[in-house]
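Please keep the sequence and the structure at hand while reading.

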Amino acid sequence: MSERRGERGVTMRAVAARAGVSPMTVSNVINGAGRAAPATVAAVRAAIDELGYVPNVSARLLARARATTVGLIYSGARTPFLDAILTGSLRATNAHGLQLLLREEQRLTHEAAEAAARALVRGGADALLLIPPFAELLSEAGVVDALGVPAAAIATGATLPGTATVRIDNRAAMRALTRRLIDRGHYRIALVSGPPNHSDSADRIHGYHDALAAAGITANARLLFEGRFDHESGIAAGSALLSPADRPSAIMCSNDDMAAGVIGEAHRRGLRLPRDLAVTGFDDTTMASLISPALTTVRQPIQLMAYRAAEMLIRAGRRGELAEAEDELVDYELIERESTAG
């Protein structure tokens with residue numbers, strides 16, 4: 001058996017010695033082949049964790065000539081956007097004959113993201129499909145290159161080192177949506193942004209400022225509220241922005257979930273939409289057409305992005321090397337509904 005090294009230079013033989021088994025047994029445990037007693041499996045897993053061994057997946061890909069199992073890390077907070085991501089990723093991998101391996105991680109730190117990614121690779125993932133904020137966390141920490149597996153990210157706001165990306169132009173989309181409100185006569189426009197650890201948050205803020213500047217409207221810091229991409233922060237934003245006497249005539253939200261929170265708060269204050277207040281979202285999740293009034297938003301083609309990302313991973317597997325920093329921009333669409341058009 002040839003000596004196989006993990007990305008830190010740890011060999012399979014070293015893992016075998018630490019676990020007190022043969023290298024073949026280690027290989028069988030990693031690949032799910034053969035039979036091993038539960039105690040043996042536990043010993044091998046413990047040695048792998050202790051030594052930080054990660055299988056040389058690039059070599060595996062070269063032998064197989066394709067990726068077969070794609071790992072995806074997601075947070076525990078369930079939102080309509082996450083549901084769309086998971087559904088789109090499942091459909092895309094199924095369409096390509098790939099297995100999707102999911103891992104939940106609620107801690108949004110570099111260390112937690114790295115641990116989750118390593119666990120996916122140890123569990124058999126030979127490619128990674130990344131979503132915010134884990135795509136950004138892993139890229140910033142340089143983990144993707146260290147793992148030695150091809151990775152593609154969807155729905156990010158920018159390109160990421162060592163990772164192929166499929167995304168929309170978030171800046172252009174938010175600029176176009178803001179321009180649509182200005183054309184409808186709105187000049188006091190608030191923005192509920194997303195958290196800074198999502199790369200798309202900054203681009204959406206930039207797009208908002210671009211449109212205001214082009215229309216000669218001075219940006220007002222009091223009309224900016226940093227949300228968390230969840231319903232609760234939308235409620236908090238609505239409470240903060242709708243309290244002053246000089247409340248905005250329109251509130252733009254960086255996702256649909258926060259927009260739903262703003263609309264709920266507006267209803268509680270007796271405001272009639274869109275006559276008293278216009279509200280927009282972003283993503284066009286299922287929630288956008290179900291709330292009242294139905295939400296004007298930007299449509300991100302999640303399933304298409306996941307499908308293209310899966311193709312990138314397959315191409316990388318066939319080459320037997322990591323994907324180059326491919327970046328594909330797909331089209332977005334402005335969807336105008338009753339929340340801005342009465």
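In this predicted model, the side chains of D284 and R337 meet in a salt bridge, with a distance of 3.0 Å from N to O. D284 lies in the loop between β9 (278-280) and α13 (286-290), while R337 belongs to the segment after β12 (333-335), so the pair ties together parts of the chain that are 53 residues apart in sequence. Both partners, D284 and R337, are buried.

A second pair is found within a single helix. R204 forms a salt bridge with D200, and because the two residues are four positions apart in helix α10 (residues 199-214), about one helical turn separates them. Burial applies to each side of this pair: R204 has a relative accessible area of 1%, and D200 counts as buried at 5% relative accessibility.

Is R275 buried or exposed? With a relative accessibility of 59%, R275 counts as exposed, because the cut-off for that class is over 50%.

| Salt bridge | N to O distance |
|---|---|
| D284 and R337 | 3.0 Å |
| R204 and D200 | 3.2 Å |

For the model as a whole, the count comes to 21 salt bridges, among them the pair of D284 and R337.

Key:
Residues numbered from 1 in each chain as written. Predicted model: local features only at pLDDT ≥ 70, side-chain atom pairs only at ≥ 80, totals over all residues. Heavy atoms only, no water. Salt bridge = Lys/Arg side-chain N within 4 Å of Asp/Glu carboxyl O. Buried < 20%, exposed > 50% of the residue type's maximum accessible area, 1.4 Å probe, protein only.
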